[in-house]
Amino acid sequence: MSTRHRMRGLLVTLVIAVATLGRAHASEPPQPCPPHPVRIGLPDFPAGEFLKGKGDRFADPDPGHLVRELREVEQRIGCRFELVRRPMVRMIRDASSGSVDLVTPAPETLAQAQGWVLPRAGARTNLQMAIGHSPLSLFVVRARQEELGAAWVAEGQPKGTVGVVAGTVPADHAKAKGWPTQTIQDFDKGLTMLMLQRVDHVFVPAISLQDNDRIRQGEVVALEPPVMSVAYFHAALPPFAQRHPDFLRAFWRAACQASLPRRIDKPTCKP
């Protein structure tokens with residue numbers, strides 16, 4: 001074989017090798033995965049279409065938006081996740097022990113109060129990387145909407161008892177305001193207590209009730225204006241964030257992208 005043919009053969013081999021390497025690189029995770037499955041904590045109560053099932057189990061075959069999106073992210077970036085469900089009070093209490101690496105869906109205010117790590121844009125939280133936004137509203141039975149709504153507008157506080165899930169932002173807000181509260185097991189049970197007149201209001205994220213039959217049929221309505229609006233994130237525990245910053249940035253970006261099909265706001269998902 002002539003030198004010219006040998007050089008041509010070497011060039012073809014080199015081109016093929018580079019192309020193969022490029023394909024292999026494209027299929028690899030964009031960052032090193034943590035050496036252990038990433039433990040992601042979710043609350044143990046259902047939240048409408050976003051999280052289904054109770055206790056330590058997810059509903060089957062549809063576990064809700066959050067779980068489906070996390071499984072999509074797991075495939076997209078090639079890292080392993082372990083999804084665990086716990087009562088919010090316990091999860092907040094135990095998070096510092098390293099029992100979980102991330103908590104979701106974490107309201108911005110809760111994450112900040114606990115010192116959890118959120119995606120940043122300069123000195124502020126990067127709201128483009130939120131996985132959702134929701135008003136937190138007081139829900140009442142329609143028959144009492146006029147009565148309770150007038151008191152809410154006039155006095156800026158609810159008239160009567162308020163049902164809240166322990167460990168949530170609504171529970172903390174109601175306590176700080178001195179509202180009379182009654183603990184509810186979950187959002188759906190709260191609406192049942194509302195219909196039975198065991199509480200006068202249920203204070204929950206509106207996004208968690210948007211597909212509830214009582215809401216759709218108009219039996220239960222939200223008072224206006226909402227109490228507040230909250231952005232939700234996948235929040236990281238500080239030790240995990242310090243050890244795996246590259247993974248975390250890629251995870252947040254992929255999680256935001258996975259949420260786009262259900263989003264109206266269509267964020268850019270840019271870190």
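Predicted model: local features only at pLDDT ≥ 70, side-chain atom pairs only at ≥ 80, totals over all residues.
1. The protein contains ten helices and eleven strands, and of its 271 residues 46% are buried. Among contacts between residues at least 6 apart in sequence, 71% join residues at least 24 apart. The exposed surface comes to about 14200 Å², of which carbon and sulfur atoms supply 54%.

2. Helix α2 (residues 65-77) packs with helix α10 (residues 245-259) at an angle of about 130 degrees, and their axes lie 9 Å apart; the two helices are therefore oblique to each other. The crossing of α2 past α10 is right-handed. On the α2 side the contact includes Leu70, Val73 and Ile77, while on the α10 side it includes Phe247, Phe251 and Ala254. The residues of this contact comprise nine nonpolar, two polar and three charged.

3. The bond from Thr104 to Pro105 is cis, with omega near -10 degrees, and Pro105 belongs to strand β3 (residues 102-107). The bond from Glu224 to Pro225 is also cis, with omega near 0 degrees, and Pro225 sits in the loop between β10 (220-222) and β11 (228-236).

4. Most residues other than glycine have a negative phi. Lys266, in the segment after α10, has a positive phi of about 50 degrees although it is not a glycine, and with 46% relative accessibility Lys266 counts as partly exposed. Cys269, which also lies in the segment after α10, has a positive phi near 60 degrees, and Cys269 is buried, with a relative accessible area of 3%.

Technical notes: Residues numbered from 1 in each chain as written. Heavy atoms only, no water. Axes fitted to C-alpha atoms, helices over the stretch in contact; angles between N-to-C directions. Helix = DSSP H or I, 4+ residues; strand = E, 2+ residues; numbered from the N terminus. Parallel < 35°, antiparallel > 145°, perpendicular 65-115°, else oblique. Left-handed = near helix turned anticlockwise from the far one by under 90°. Contact = heavy atoms within 4.5 Å. Nonpolar A, V, L, I, M, F, W, Y, C, P; charged D, E, K, R; others polar. Buried < 20%, exposed > 50% of the residue type's maximum accessible area, 1.4 Å probe, protein only. Areas by Shrake-Rupley, 256 points an atom, 1.4 Å probe, with all protein chains shown as cover.
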